[in-house]
Amino acid sequence: MSNTILRYVVDDISKDLKQVADDKKIERAQVAYWVLMVGNRLKSQHIQKRDSGMFLHTYVGVPVEKVASSSNPNTVEGRKRIKLPASIFDFNKDRGIDYISYWIDDEVDCPPEFTNKTFTRTTPKTSAILYMDEYTKPSPSNPYWYLTGMEYVYFLGIEKVDVESIEIGLYSTFDPLTEIDLDAPFDFPEELLNVLKRQVLDLGRFVLQIPEERRNDGVSTTPAENIPTQKLISVNDSVNKSEE
Amino acid sequence: MIQVQNLVDLMKFELDAEGSDRYLFETDYKPAINSAMNWLVSVFNKAFEQNKLTGENLRDLIKTRVWVANNFSRIKFDEAVVNETLWSFMAVMPQPIVYPTQTPPTLPNDYTSIFMADVAFAGSDFSASKSTIEKWNENKLNVFEPGNVSLQNQLANYSYLTEIDYSTDTTYLQDSEIEIRPDVSGQFVGITYLKVPTDVSTVNDSIEFPATLTTLMVQKSLNFISIKQGDNTTLFSVTENDVNRLVQIMN
């Protein structure tokens, strides 16, 4: 379990940016958003580099639905699918989904439920080829899944059996800002916290350098002596070019 | 607190009027002291606007009380009910912990907020920042601005809009109210406010300004007395200089 909670990270950075007073220019929600944004990038790189289950999240009992009517995009009538229980990283070959499995009572030695029937990944485009070979043909004992869009996973091979729910293992991104729990353990590699902090501080520093005059507050705060009174001339203007 | 008797004694000393009936409490000192208090309220108002003063300067006038917001997430500071005259709101604190622990009472109707005279404010994790009328609507859906309605979790960022009269003749019978966002309808809200100091009526009263303002009160009260003496009196110029110097130091 992580020794850090998101609140510590956000408050640490807010304090360093001197944005903790009532007239702060960067709100805590914005710092939290930056932390999640940079954190997702660092975490995805970390997961891709390591063969580790540290950030694999298992969801059981994810309900399978049969789509009643089509609507564009990504909803096709008659197909079985699940709604992803969490947002996932878009790794190569859909590796944000580590595994999908379901239980069917046809085994004698009773292996663990999640190893009973494991789905194999495919894509809509290559699905047709699967049906050309008896050994690859989708079936209840050899089911497939494919991802379309960011929300839904569709299945092949379980069309004629009653599968109520599946188990899925995901490499998921952080919860959205509107649902994040500041006091939950921060699901992030602790050895990368200093990199995260530095990158968010850089973001904050850049933001704080944006001049106040860029905001239209209806008030001119520029001292009169700083307002240019002479015509500004480009360095490329002919008057600034000298003959070689 | 500043004892009025103490102020009067110091003023008599500067006027060299000890043992004299030249200046009387009812006709001279009391109006001068009350005028000085009103003047100080004006000066402090300006200083507050410029964030040059903190609440510590007026600790005897700061109160925190608890209200229940109406169904429009608004609260009316009813001076008759609170029994104090409002000077300025200093902080609005949603989701307070209250003592004794209890749930908010049911609102009598949609538009009436309730002042909780017997409930004490014990703390809150939230503080609402003040918004302007122009920003109020624009920021409603901006997740990074105070007063947005998108964040309702621990990152909720409350804001309040200054007192506005939303009343109608028949359907919304209220006076000026502050409005708080995200919605706090039917919930407790702690409000820290400054009350206007109570006018002096007798020499045995106390003024609810801190004792550190005694000199300023003396000088300004004398300044008002000097106005009656005609222009260009020594007392006027001396006190005027002192008052200006003190106000500059405070700012």
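Which residues does Leu7(B) touch, not counting residues up to four places away in sequence?

Reply: This is a predicted model, in which local features need pLDDT of at least 70 and side-chain atom pairs count only at pLDDT 80 or more, while totals for chains, interfaces and linings use all residues. Residues are numbered from 1 along each chain as its sequence is written, and chains are lettered from A and ligands numbered from 1 in the order in which they are written.

Leaving out residues up to four places away in sequence, Leu7(B) touches Ile2(B), Ile33(B), Thr214(B), Met217(B), Val218(B) and Ser221(B). Touching means contact, that is, C-beta atoms, placed from the backbone, within 7 Å of each other.

Leu7(B) also belongs to the largest nonpolar core, which has 26 residues. Such a core is a set of buried Ala, Val, Leu, Ile, Met, Phe, Trp, Tyr and Cys residues joined through C-beta atoms within 7 Å. A residue is buried if 20 or more other C-beta atoms lie within 10 Å of its own, exposed if 12 or fewer, and partly exposed in between, with C-beta atoms placed from the backbone. The members that touch the most other members are Leu7(B), Ile33(B), Ala36(B), Ile207(B) and Met217(B). At least two residues of this core come from each of α1 (4-15), α2 (25-49) and α5 (214-228) of chain B. The most, 7 residues, come from α2(B). Helices here are DSSP runs of H or I with at least four residues, strands are runs of E with at least two, and both are numbered from the N terminus.

There is a second, separate core of 22 residues, which includes Phe89(A), Ile97(A), Leu147(A) and Leu170(A). Leu147(A) sits in strand β7 (residues 144-148) of chain A and is buried, because 21 other C-beta atoms lie within 10 Å. Its contacts, not counting residues up to four places away in sequence, are Asp94(A), Ile97(A) and Val153(A). Leu147(A) and Leu170(A) are 23 residues apart along the chain, and their C-alpha atoms are separated by 13 Å.

For the wider setting, the domains come next, with bounds from an automatic or database domain assignment. Chain B is divided into domain 1 (2-52 + 220-250) and domain 2 (62-195), whose C-alpha centres are separated by 37 Å. Chain A is divided into domain 1 (1-53 + 187-210) and domain 2 (56-173), with C-alpha centres 34 Å apart. In chain A, 5 residues of domain 1 are in contact with 5 residues of domain 2. On the domain 1 side, these residues are 1 nonpolar, 4 polar and no charged. In this count, Ala, Val, Leu, Ile, Met, Phe, Trp, Tyr, Cys and Pro are nonpolar, Asp, Glu, Lys and Arg are charged, and the others, Gly among them, are polar.

Chain A has 4 helices and 9 strands, and 23% of its 244 residues are buried. Among its contacts between residues at least 6 apart in sequence, 65% join residues at least 24 apart. Glu65(A) belongs to strand β2 (residues 65-66) of chain A and is exposed, because 12 other C-beta atoms lie within 10 Å.

The buried residues of α1(A) are Leu6(A), Val9(A), Val10(A), Ile13(A) and Ser14(A). Seen down the helix axis, they fall within an arc of 125 degrees, so they line one face of α1(A). The arc is taken from the directions between the helix axis and the C-beta atoms. The cover over these residues includes α2 and α4 of chain A.

In α4(A), the buried residues are Leu196(A), Val200(A) and Gly204(A). They cover an arc of only 65 degrees around the axis, which puts them on the same side of α4(A). They pack against α1 (6-16) and α2 (28-49) of chain A. The face turned away from that side carries the exposed residues Asn194(A), Arg198(A), Asp202(A), Arg205(A) and Phe206(A).

Finally, the two chains meet: the contact takes 10 residues from chain A and 10 residues from chain B. The chain A side of this contact has 4 nonpolar, 2 polar and 4 charged residues.
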